[in-house]
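Here is a short report on one protein model. Look at the sheets first, then at the ligand.

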Amino acid sequence: MSHPALLKLADAKLSLAGRTFGPFSLSVQAGETVAILGPSGAGKSSLLKLIAREHRLAGGSIVFDGRPLQQWPAAELAQRRAVLPQAGAVAFGLPVSLVVALGRVSRASDPAQQRIVREALVQARADHLAERRFDTLSGGEQARVQLARVFAQAWDAREGLLLVDEPLAALDPGLALELMEAMQRFARERGHALVAVLHDLTTALNHFDRLWLLAEGRIRADCGAVPAALPLLEQLYGVRLRLLRDAEGLAVVASSASQAAHNPQFALN
Ligand SMILES: Nc1ncnc2c1ncn2[C@@H]1O[C@H](COP(=O)(O)OP(=O)(O)OP(=O)(O)O)[C@@H](O)[C@H]1O
């Protein structure tokens, strides 16, 4: 028997500067991981913000854990869903430990705060930065601290929602992989759903269950994150893609049409 969706959008619409996005009819199960993909300007961040309740719903409905999103009291919602905005969206001249502790402000009393902040920093590979000022950190260091804040916020929730916007964009390949795995583990252990805006197709196919493909403010496909999605991705971005595969996983690379046509080794299956 299938469980009711943790998050359900039914004909949800968003209106920004006279432009309408959607209608979106989408659902996410507890523990599921979804990557939102699409060309620049497609509306990925806007959709994420709509789900995060940072944008007002202009039509339809969004239900989170059986309750319309707009009916959730702010403090309760903050304890069940955490948002990592796109880099540069927040600028703090604060100590790192305080930035991470901001994830806990919705709790009236929080005796575990110090321990959780410390452990969240460890999981985000940022514990060595605890004593630094946030605005003196590099882009990749800031990204790790922001991720620690998200971890701290959703630390003791179950079946919550992590909404992250290009969380790995500022990280070197080793760290990007480590943090992707940390996010997956963190979400899996708590039954949290993870919805991420991404540009990296390799990460999307290797680490996510589902893909929402977005173009011009509309969902073009809602499909499994499987190699068979490649033709849809080619259409979405208007580029030929090659799929490289070995025992450890897949890699997707953009390629010129002529290269792809002459290389049967990379054919889809
Ligand atoms: N608050 C806003 N007011 C008016 N227009 C907006 C607002 N936020 C975004 N837009 C516009 O809506 C469109 C979609 O923006 P959005 O940030 O959602 O795209 P995106 O798919 O996340 O792009 P990128 O990959 O470049 O980050 C863009 O044309 C953008 O300029």
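Two strands count as paired if DSSP finds at least two bridges between them. Helices (H or I, at least four residues) and strands (E, at least two) are DSSP runs, numbered from the N terminus. This is a predicted model: local features need pLDDT of at least 70, side-chain atom pairs count only at pLDDT 80 or more, and totals for chains, interfaces and linings use all residues. Residues are numbered from 1 along each chain as its sequence is written.

**Strand pairs**

Strands of a sheet pair through backbone hydrogen bonds, either parallel or antiparallel. Two pairs show both senses.

β11 and β12 form a hairpin, with two residues between them.

**The open sheet**

Six strands make an open sheet with mixed pairing, in the order β6-β7-β8-β3-β9-β10. Its edge strands are β6 (81-84) and β10 (218-224), each pairing on one side only. Neighbouring strands are turned by 15° against each other on average, direction ignored. Axes are lines fitted to C-alpha atoms, for helices over the stretch in contact, and angles run from 0 to 180 degrees between N-to-C directions.

**The ligand**

Which residues surround the ligand? They are Leu16, Ala17, Gly38, Ser40, Gly41, Ala42, Gly43, Lys44, Ser45 and Ser46 (C-beta atom, placed from the backbone, within 6 Å). Helix α1 (residues 44-51) gives the largest share of this shell, three residues.
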